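Have a look at the structure first, then read on.

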Amino acid sequence: MGRKRPGKAAPNEVPDAGTGPVPGRHEIDTGTCELLPDQYSATGWLLKINGVHSSHIDLANPRELDFEYMRWIAAVVESRFPEEIRLRALHLGGGACSLARYFAAVYPEARQVVVELDGKLAELVRGWFDLPRAPLMRLRVGEAREVTESLSEDSRDVLIRDVFAGDKTPLPLTSAEFLVHAKKVLAADGLYVVNCGDSPDLRMARREAATIAAAFSHTAIVADPAMLKGRRYGNIIIAGSDVPFAQDASLPRRLLGGALPAQLWDDKLVRSFAGSSKVIHDAEAPRTVRPA
């Protein structure tokens, strides 16, 4: 299949300037971050942003994903794309670039762009961790929706949204209007994957499911049973595609095999979960236009 290559690096791409991890508290553009050694691993590091656990990195093993929801995302992506392809991935939300680093190990020829709003955080992360260098991985400073809208059509195989302001994803990154742009960026067989954090009432998860189901022909959900039953706050992974998800028995087994076993819901269950929930639209949260 012929594929367009991503364009040239943007002027706000963060350059390589490796210094190695610097533990402690650091000022960033959006507040503070804290880098902590992993007490259980000599090569592991935990990144907290404004007091919230954000990312984990194992410098010796990029395939080690400490956060369960990241393992779920990785499993869904790998069930769609074989390791031999030159995966083109867009990550909205950077943190420590854990998933991008993981995919660079699984897909050696991958071309990835990680979008991070906080320029100072991006600079620190690029310096601290052993991240793949351009053109394999580009770390770009910018607002996630603006960057998505600027990209070429059919330029990515997978788009992963993992953006939070506090414990919520900004509404402009959840709307039907945003998904129009996301779909343009994706290839015909592309995969859209979001990390939806929600409370036990699951109201936002149902609305996100409804919005993604309205945009894509096929959907899937991955989450642990307690979360899906509304027993706690947590993460629900919702995926959309215009190509059916693989009927691969190894995927459910892989999801059940982690420290926090997860269920895989097919399109029928996702649409039933969404029910009569309203599709999210931009009018609910008008975007703030930043000064030029």
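Helices (H or I, at least four residues) and strands (E, at least two) are DSSP runs, numbered from the N terminus. Two strands pair if DSSP finds at least two bridges between them. Keep in mind that this is a predicted model, where local features need pLDDT of at least 70, side-chain atom pairs count only at pLDDT 80 or more, and totals for chains, interfaces and linings use all residues. Residues are numbered from 1 along each chain as its sequence is written, and side-chain values use heavy atoms, with hydrogens and water left out.

Let's start with the hairpins. E1 and E2 make one, with 2 residues between them, and Glu27 sits opposite Thr32 in E2. Another hairpin links E2 to E3 through 6 residues; here Cys33 faces Ile49 in E3.

| Strands | Bridges | Direction |
|---|---|---|
| E1 (residues 24–28) and E2 (residues 31–37) | 5 bridges | antiparallel |
| E2 and E3 (residues 44–49) | 5 bridges | antiparallel |
| E8 (residues 156–161) and E9 (residues 186–198) | 5 bridges | parallel |

Now for the open sheet: 8 strands line up as E7-E6-E5-E8-E9-E11-E10-E12, with mixed pairing. Strands E7 (137–141) and E12 (263–265) are at the edges with a single partner strand each, so one side of each has no neighbour in the sheet. From one strand to the next, the twist averages 15 degrees. Inside this sheet, Val158 stands opposite Leu191 in E9.

Which strands does helix H2 touch? Helix H2 (residues 98–106) packs on the sheet and touches E5 (88–92), E6 (111–116), E7 and E8, where contact means heavy atoms within 4.5 Å.

Notes
Axes are lines fitted to C-alpha atoms, for helices over the stretch in contact, and angles run from 0 to 180 degrees between N-to-C directions.
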